[in-house]
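Q: I have a new structure to look at. Can you take me through it?

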Amino acid sequence: MIEKKIEDTRRQIFSNLTAWQRVQLARHPRRPYTLDYLKLAFADFSRIACDRLFAEDRAMVGGFARLDQHLAMVLGTQKGRETKENIRRNFGSAHPEGYRKALRLMRLADKFGLPIITLIDTAGAYPVLAPRNATLPKPLL
């Protein structure tokens, strides 16, 4: 009885939102991020780190997880909740090594015939060019 009333109230509230209210809801700082979904919806998450070529990109998280009885590869971008964590995770904007890690994990999932679940919440890739004297890794392909 009370569950139905809660669902009816929720449906009434969210069906009457203006376009700007929907934008504000999508940008709310307390909305769930990838690691929140991993804790709430998945079991047995085993994180896989690094692109095996350059460095770990903390803005991109991924690994094996179980959804009900199904094993899957889960990938997603991760922002921080406070300034220190946001800086550590580059505000959820992945570097090239993060995308290489995602590609490596997708290929691994393909090798084992696993579904891939992606949770993307980012403004885009990190928009800074590497310094001129930086040594860039060779492509995987």
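A short chat about this structure follows.

Q: What kind of model is this?
A: This is a predicted model, where local features need pLDDT of at least 70 and side-chain atom pairs count only at pLDDT 80 or more, while totals for chains, interfaces and linings use all residues. Residues are numbered from 1 along each chain as its sequence is written, and side-chain values use heavy atoms, with hydrogens and water left out.

Q: What does the secondary structure come to?
A: Five helices and four strands. Helices (H or I, at least four residues) and strands (E, at least two) are DSSP runs, numbered from the N terminus. From that end the elements run α-α-α-β-β-β-α-α-β.

Q: How much of the protein is buried?
A: Of the 141 residues, 28% are buried, meaning under 20% relative accessible area with a 1.4 Å probe, protein chains only.

Q: New topic: Thr 77. Where does it lie, and is it buried or exposed?
A: Thr 77 lies in strand E3 (residues 70-77) and is buried, with a relative accessible area of 3%.

Q: Which residues is Thr 77 in contact with?
A: Leaving aside neighbours within four places in sequence, the contacts (heavy atoms within 4.5 Å) include Thr 34, Met 60, Gly 92 and Asp 121.

Q: And helix H5, which of its residues are buried?
A: Among them are Glu 97, Arg 100, Leu 105 and Ala 109.

Q: What covers them?
A: The cover for the buried residues of H5 includes strand E2 (60-67), E3 and strand E4 (116-119).

Q: What comes just after H5?
A: Gly 113, which takes a positive phi of about 70°.

Notes:
Buried means under 20% relative accessible area, exposed over 50%, partly exposed in between (1.4 Å probe, protein chains only).
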